[in-house]
Amino acid sequence: MNARHVGPAHGAHEGAHARRIRGADAPASRITLTAVGALLGVLAVGQLNAQAGAPALAGRSAAELSQLIGNLTAGNDQLRAEVTDLDAQRAHLEDAHSRGETTVDELAADLARIRAWVGLTSVSGQGIAVIVRGPIGGDAVEDLVNELRNAGAEAIAVDGVRIVPGVVVAGAPGALSVENNAVGDTFEIRAIGSPQILTGTLNRTGGVIAEIGAAYPGAQLTVTPVERLTLPATDRTLVPAHGQPRI
Amino acid sequence: MSTILARVRRLPTVQVTLSLALVVLGFLIAAQVAGEKPRSQYSTQERAPLIQSALDLQTRQEALKAQIVDLRRRIGELEAQDPGAAESLRQLYADLEEARLAAGLIGITGPGLAFRLEDGNPGAGVDAVVSARDVRVLVQELWLAGAEAISVNGERISTTSAVIDVGGSILVNSAYLAPPYEIKAVGPADLYDRLRTSVAFVDFVQGRIDRAGISLTVAVLDAVDLPAFAGTVNLRYAAPEASPQ
């Protein structure tokens, strides 16, 4: 742009002026270019970071993040308790080994606990009973079972069938089944756990029962705390037939 | 045209470079501003420590789970080394190992499927974000087709596993999972054939996946590795019944 003012008629002085303009512009341009380049770099990195973090937590609101933190904290508390128990078990076993003792009682207790947890033995305890009256789809029952698990249910049975990995309540309203057994329009879901937490979770405003009520207006669900429930063991074989333990 | 080219040729290289750089800069600033728009409704100052807390808790959770898996492995080794291993005791070991396998406390490998669920592009009136319900439906269909073990993004599905939406994210076994979601299943060799003949699975693909533009891909594999369940197996309210099953 300035070069247009530099014509050959101005002779040597103008040549010097031209050099000055170009010479003065060159460092300025370099500085500008460097600054722009640096800004470009910062923005490009920022954009890449934004892209990488976007699917994770970046787009969550403060309320959503607080909810997530609450869940993670509760989960970590449970895991810490499990670590403490397992560590005590390990220490006891090591102690017994060092004294040359057998640990039959420990093994039997561990076996009973795992079998009860997974559903291979019947269990009893306090909890809730949900009576379902009216036609309802398998999806709604599965949503309810999922919500019970989320609320800390330790064992669940639908119409007398223990819910374990692989067991799904499926079918359209009026044609429900679980483990190849037909489920009528009136049936009971039983869950062992804290009656207060289970009841509160299911009955909360906008909770799973409200959602089911909206999706299946013909169905009525009643939640009742129960002092003592007994849930049966599963009939399923839970040991994998196709999968092998990883070494 | 030739006049323009001639003018361009006369421009100093620095000016051309600077102009190009400024154009790119403009694009990047526009992209940055556009990217900030959906988040501008939230206070950045408020969210930053929350995000950090969530990330810290998640890291802590992963460490705790690794500790649990390691402790269980160590306990299994100690039990197997019991010096007084009489026949009755060996049977007890075998039963314990079988119970752990049944409960998903041991990682397994076997033939199966690997699904990948990814959000679609948001469209008018269509929820293209993969929800916990989408994951649950796929898991349920896999169970019904005969899967014998399933994991979601490395979280083994156990008898107590809930899959829930929390704050636009999915939690499985209390672990925060980000998309894409990889659902792996071990089962019979014809697991996929069984799955795709399920009316409910076809309805799910046509009614939800295709309609919302969600991406669902599947690989049929000779060997799928599933991790062990790393959560708690302690019972606080339920007690085993006295009579053996």
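Residues are numbered from 1 along each chain as its sequence is written, and chains are lettered from A, with ligands numbered from 1, in the order in which they are written. In this predicted model, local features need pLDDT of at least 70 and side-chain atom pairs count only at pLDDT 80 or more, whereas totals for chains, interfaces and linings use all residues.

**View 1. The contact between chain A and chain B.** In this view, 96 residues of chain A are in contact with 97 residues of chain B; two residues are in contact if their C-beta atoms, placed from the backbone, lie within 7 Å. On chain A, the elements that give two or more residues to the side touching chain B are helices H1 (11-58), H2 (62-98), H3 (104-118) and H4 (138-150), together with strands S1 (123-133) and S9 (244-245). Helices (H or I, at least four residues) and strands (E, at least two) are DSSP runs, numbered from the N terminus. H2(A) supplies the largest share of the side of chain A that touches chain B, with 27 residues. By class, the residues of this side comprise 46 nonpolar, 35 polar and 15 charged. Here Ala, Val, Leu, Ile, Met, Phe, Trp, Tyr, Cys and Pro count as nonpolar, Asp, Glu, Lys and Arg as charged, and the others, Gly among them, as polar.

**View 2. Strand pairing between the chains.** S1(A) pairs with strand S9 (residues 239-240) of chain B in the antiparallel sense over two bridges; two strands pair if DSSP finds at least two bridges between them. Within S9(B), B:Ala239 is the bridge partner of A:Ser124. S9(A) likewise pairs with strand S1 (residues 108-118) of chain B, in the antiparallel sense and over two bridges. There, A:Pro245 has B:Ile108 of S1(B) as its bridge partner.

**View 3. Strand S1 of chain B and its partners within the chain.** S1(B) runs antiparallel to strand S8 (residues 215-226) of chain B, to which 10 bridges join S1(B). Six bridges join S1(B) to strand S7 (residues 181-186) of chain B, also antiparallel. B:Phe115 has a bridge partner in each of these strands: B:Val218 in S8(B) and B:Ile183 in S7(B).

**View 4. A three-stranded sheet in chain A.** The strands form an open, antiparallel sheet in the order S4-S5-S6. At its edges lie S4 (169-170) and S6 (181-183) of chain A, each pairing on one side only. S4(A) and strand S5 (residues 176-178) of chain A are joined in the antiparallel sense over two bridges, and A:Val169 has A:Val178 of S5(A) as its bridge partner.

**View 5. Packing of helices H4 and H6 in chain A.** H4(A) packs against helix H6 (residues 208-215) of chain A at an angle of about 175°, with the axes 10 Å apart. The two helices are therefore roughly antiparallel, a term applied to angles over 145 degrees. Axes are lines fitted to C-alpha atoms, for helices over the stretch in contact, and angles run from 0 to 180 degrees between N-to-C directions. H4(A) contributes A:Ala140, A:Asp143, A:Leu144 and A:Glu147 to the contact, and H6(A) contributes A:Val208, A:Ile212 and A:Ala215. This contact has five nonpolar, no polar and two charged residues.

**View 6. Confidence along chain A.** Chain A averages a pLDDT of 83, and 81% of its residues score at least 70; pLDDT is the predictor's confidence in each residue, from 0 to 100. Over residues 1-24 of chain A the pLDDT is below 50, and this stretch has nine contacts in the model beyond near neighbours in sequence.

Conventions
Parallel < 35°, antiparallel > 145°, perpendicular 65-115°, else oblique.
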